[in-house]
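The stops below go from the whole chain to single residues.

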Amino acid sequence: ELRLFGCRELRHMPVGLGNCIGLQVLDFFVAKGGSWSWMNPNSPSDSDDYEVGGLTDLNHLNNLKGGLTIKVDGKWSSESEARAANLQGKEKLTELGIEFVGGSSRDNEMMLEGFQPNVNLRYLWIEGYRGQ
C-alpha cells in the first residue's frame with residue numbers, strides 16, 4: 001500500500017514506481033508538469049537534471065484496487081501519455097478522480113479522452129476541467 005492522499009504538496013512521483021507491479025493500493029498520483037510552480041512561486045523549481053515519474057509509470061500497475069486520484073498538469077500532459085497510464089487494464093479500480101491543473105480546454109479534452117477508465121468504475125469525479 002502507498003497512501004499519499006494527504007500529501008497535497010507532492011509535485012511528482014518517484015522514478016521506478018511502475019516497477020511495483022504488485023502494488024494494490026495507490027490513492028494519489030501526481031503527474032509532474034511544467035506549470036506546478038504557479039502553486040508556490042517561492043519554492044524551488046524541479047530541475048531538468050533528474051528524471052521523475054510520469055503517467056506511463058501507471059501502465060503496469062494493474063493490481064490497483066479501490067480508489068485513485070490522478071493530478072495532471074494540463075499544459076504538460078498529452079492524450080498519448082494518458083493512454084499509456086492504461087486505466088482500462090486496472091479492472092479492480094472502482095473509484096477514479098482526475099484533477100486538472102492548468103492547460104487549455106483543448107489540452108484538457110485530449111487528456112480526458114486518453115484516460116479511458118475501465119468499465120468496472122462505479123465513481124468518477126473530475127476537478128478543474130476546462131473542456132466542454
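Accessible areas here come from the Shrake-Rupley method with a 1.4 Å probe. On that basis the chain of this predicted model exposes about 7,100 Å², and carbon and sulfur atoms supply 48% of that area.

**Whole chain**

Start with a cartoon view. The chain has 2 helices and 4 strands, and from the N terminus on the elements run β-β-α-β-α-β. Of the 132 residues, 42% are buried. Among contacts with a separation of 6 or more, 78% are between residues 24 or more positions apart.

Next, colour by pLDDT. The average over the chain is 82, and 77% of the residues score at least 70. Select residues 34-49: pLDDT stays under 50 over this stretch, for which the model has 21 contacts beyond four places in sequence.

**The nonpolar core**

Which residues of the largest nonpolar core touch the most other members? Select Leu 26, Phe 29, Leu 55, Leu 58, Ile 70 and Phe 115 and show their side chains; these are the ones, in a core of 24 residues. Strand S1 (28-31), strand S2 (66-73), S3 and H2 each supply at least two residues of this core. In soluble globular proteins, nonpolar side chains tend to be buried together.

Now centre on Ile 70. Beyond its neighbours within four places in sequence, Ile 70 is in contact with Phe 29, Leu 55, Leu 58 and Phe 115, among others. The list for Ile 70 also includes Leu 87, Leu 96, Gly 97, Ile 98 and Glu 99.

Select Phe 100 and Tyr 129. The structure holds 1 aromatic pair, and these two residues form it: the rings are 5.5 Å apart centre to centre, with 55° between the planes, which is a tilted arrangement. The pair links distant parts of the chain, with Phe 100 in strand S3 (residues 93-101) and Tyr 129 in the segment after strand S4 (123-127), 29 residues apart.

Asn 108 touches both Phe 100 and Tyr 129. Asn 108 has 0% relative accessibility, so it counts as buried.

Move to Tyr 123 in strand S4. Leaving aside neighbours within four places in sequence, Tyr 123 is in contact with Thr 94, Glu 95 and Leu 96. Draw a distance between the C-alpha atoms of Tyr 123 and Leu 96: they are separated by 6.3 Å, although the residues are 27 apart along the chain. Tyr 123 is partly exposed, with a relative accessible area of 46%.

**Two salt bridges**

The count comes to 2 salt bridges. For one of them, select Arg 83 and Glu 79, whose side chains meet at 2.7 Å, N to O. These two residues are separated by about one helical turn, because they are 4 residues apart in helix H1. Arg 83 counts as partly exposed at 40% relative accessibility.

For the other, select Glu 109 and Arg 106, where the N to O distance is 3.9 Å. Both lie in helix H2, 3 residues apart, about one turn of the helix. Arg 106 is partly exposed, with a relative accessible area of 46%.

Most residues other than glycine have a negative phi. Which way does phi go at Asn 86, positive or negative? Phi of Asn 86 is near 55°, a positive value. Asn 86 is found in the loop between helix H1 (79-84) and S3, and its 21% relative accessibility makes it partly exposed.

Finish at Gln 116, in the loop between H2 and S4. Phi of Gln 116 is near 40°, also a positive value in a residue other than glycine. Gln 116 is partly exposed, with a relative accessible area of 30%.

Note on methods: Residues numbered from 1 in each chain as written. Predicted model: local features only at pLDDT ≥ 70, side-chain atom pairs only at ≥ 80, totals over all residues. Heavy atoms only, no water. Buried < 20%, exposed > 50% of the residue type's maximum accessible area, 1.4 Å probe, protein only. Contact = heavy atoms within 4.5 Å. Phe/Tyr/Trp six-rings, centres within 6.5 Å; stacked < 30°, edge-to-face > 60°. Core = buried A, V, L, I, M, F, W, Y, C linked by side-chain atoms within 4.5 Å. pLDDT = per-residue confidence, 0-100. Salt bridge = Lys/Arg side-chain N within 4 Å of Asp/Glu carboxyl O.
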